[in-house]
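Visitor: I would like to go through this structure with you. Could we take it one topic at a time?

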Amino acid sequence: MLSKQELLDLYNMDLDKLLAESQKYLKDEVEFCSIINARSGKCSQNCKYCAQSSHYNTEIESYPLMDVETVVHAAHDSVNNGANRVAIVTSGKTPDESDFDTMLDMIKALNKEGISSCASIGILNEEQAKKLAEAGLVRFHHNINTCKSYHPNICTTHTYEERVNTTRLVKKYGMELCCGVILGMGETPEQRVEMALELAEINPNSIPVNILTPIPNTPFESYGDKIDEENVLRTLAIFKIACPNASIRIAGGKKARLSEETIEKAFRYCADSTIVGNYLTTTGFTPDEDEKLIAKIGRKRCRSLVCS
């Protein structure tokens with residue numbers, strides 16, 4: 001593993017040289033995934049970026065957990081639109097006891113339909129992780145969001161350690177792990193390198209990289225200038241170099257924060273997967289738009305669950 005200083009030196013080098021270095025580790029194909037916002041809003045946590053936090057008056061639509069049939073139908077739509085895998089996403093710190101059995105039924109139903117199951121349902125305890133694995137969950141998503149040193153600036157209702165412990169439980173019970181961050185929340189370039197090192201230690205299969213889309217009435221509503229497009233590319237490249245075996249997945253903020261030129265550079269040099277369609281509370285590109293963009297630069301969309 002490269003040292004913090006070595007990665008910082010790479011981060012600050014000539015951009016074209018940095019991108020050429022990260023391209024060495026790029027996979028041949030681009031994987032598409034999609035998310036289903038299966039329970040929205042009324043979250044007890046005070047994450048300063050989040051439209052779904054009950055601490056802020058963001059006026060987003062809130063609704064309870066969808067039923068199994070609705071989720072399966074939405075998952076089929078996602079697969080028909082080109083997604084390799086589909087993630088069930090719910091708001092809240094942890095899976096509510098009253099909803100957890102329904103979430104397990106959703107996972108079983110997706111697997112029965114031949115859809116690769118993924119879930120992003122919050123911080124887990126050991127019993128929950130074990131039950132998810134027993135239900136056949138293929139992949140669990142849980143971000144660290146930022147580096148350990150900056151986490152207190154993002155959220156005070158849970159700890160960085162709680163998040164990392166969830167990633168450990170996921171791996172302990174044999175599930176794949178998707179674990180990433182949000183850029184542009186006021187972190188320094190040095191802290192972006194810290195994120196890369198911490199992700200390398202966690203060793204996820206996939207690293208979704210979001211760029212903050214400031215939400216009105218949240219504490220970060222004026223944070224639209226905290227990172228520019230060049231530094232997004234630099235960070236993506238550093239993540240690919242530090243975590244060469246993980247898929248670097250462009251996620252939220254792609255449409256809202258990045259130009260087409262920057263997105264093309266990302267897919268050409270340092271990103272090998274993306275979320276298609278809409279995100280939790282922001283809009284994204286259609287699958288056709290994403291496919292046309294990657295074809296434009298001579299790359300192909302992965303059409304199986306194992307992308308080369």
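Visitor: Where is H142 found?
Guide: This is a predicted model. In it, H142 lies in the loop between β4 (139-141) and α6 (160-172).

Visitor: Is H142 buried or exposed?
Guide: H142 has a relative accessibility of 5%, so it counts as buried. The cut-off for buried is under 20%.

Visitor: Which side chain does H142 join through a polar contact?
Guide: The side chain of R163 is joined to that of H142 by a polar contact of 3.5 Å.

Visitor: And what else is H142 in contact with?
Guide: Neighbours within four places in sequence aside, H142 is in contact with G122, I123, R163, T166, T167, C178, C179 and G180.

Visitor: Where is the place of N153?
Guide: N153 is placed in the loop between β4 and α6. At 36% relative accessibility, N153 counts as partly exposed.

Visitor: What is N153 in contact with?
Guide: When neighbours within four places in sequence are left aside, N153 is in contact with K48 and F220. As for E187, its C-alpha atom is separated by 9.2 Å from that of N153, and these two are 34 residues apart along the chain.

Visitor: You mentioned F220. Is F220 buried or exposed?
Guide: F220 counts as buried, because its relative accessibility is 3%.

Visitor: How many aromatic pairs does a search of the whole structure find?
Guide: The search finds 1 aromatic pair. The ring centres of F220 and Y223 are 4.3 Å apart and the ring planes are at 20°, so this pair is stacked. Planes under 30 degrees apart count as stacked.

Visitor: What sits over the ring of Y223?
Guide: The charged end of K226 sits there, 4.8 Å from the centre of the Y223 ring.

Visitor: Changing topic to the strands: how many residues of β1 are buried?
Guide: In strand β1 (residues 29-39), 10 of the 11 residues are buried, so the strand is largely enclosed by the rest of the structure.

Visitor: Which strand does β1 pair with over 6 bridges?
Guide: That is strand β2 (residues 85-90), which pairs with β1 in the parallel sense. Within this pairing, I88 in β2 is the bridge partner of I36.

Visitor: What about β9 and β10?
Guide: Strand β9 (residues 273-275) runs parallel to β1 and is joined to it by 3 bridges, with C33 opposite I275 in β9. Strand β10 (residues 300-301) also pairs with β1 in the parallel sense, over 2 bridges, and V30 stands opposite R301 in β10.

Visitor: And β8: which of its residues are buried on each side?
Guide: In strand β8 (residues 247-250), S247 and R249 are buried on one side and I248 and I250 on the other, and both faces are covered.

Visitor: In what sense does β7 pair with β8?
Guide: Strand β7 (residues 206-211) pairs with β8 in the parallel sense over 4 bridges. I250 in β8 is the bridge partner of V209.

Visitor: Last topic. How many residues does the largest nonpolar core have?
Guide: The largest nonpolar core has 87 residues, and L7, Y49, L132, F239 and F267 have the most contacts inside it. Helix α8 (residues 229-242) contributes the largest share of this core, with 8 residues.

Visitor: Which residues does F267 touch?
Guide: Not counting residues up to four places away in sequence, F267 touches L26, V30, I250, S273, T274, L293, I294, I297 and R299. Two of these have come up already: V30 stands opposite R301 in β10, and I250 is the bridge partner of V209.

Notes:
Residues are numbered from 1 along each chain as its sequence is written. This is a predicted model: local features need pLDDT of at least 70, side-chain atom pairs count only at pLDDT 80 or more; totals for chains, interfaces and linings use all residues. Side-chain values use heavy atoms; hydrogens and water are left out. Rings of Phe, Tyr and Trp (its six-membered ring) pair if their centres lie within 6.5 Å; planes under 30 degrees apart count as stacked, over 60 as edge-to-face and the rest as tilted. Buried means under 20% relative accessible area, exposed over 50%, partly exposed in between (1.4 Å probe, protein chains only). A charge sits over a ring if NZ of Lys or CZ of Arg is within 6 Å of the ring centre and within 35 degrees of the ring normal. A polar contact is a pair of N or O atoms within 3.5 Å; within protein, one must be able to donate a hydrogen and the other to accept it, and residues adjacent in sequence count only if both atoms are side-chain atoms. Contact means heavy atoms within 4.5 Å. A nonpolar core is a set of buried Ala, Val, Leu, Ile, Met, Phe, Trp, Tyr and Cys residues joined through side-chain atoms within 4.5 Å. Two strands pair if DSSP finds at least two bridges between them.
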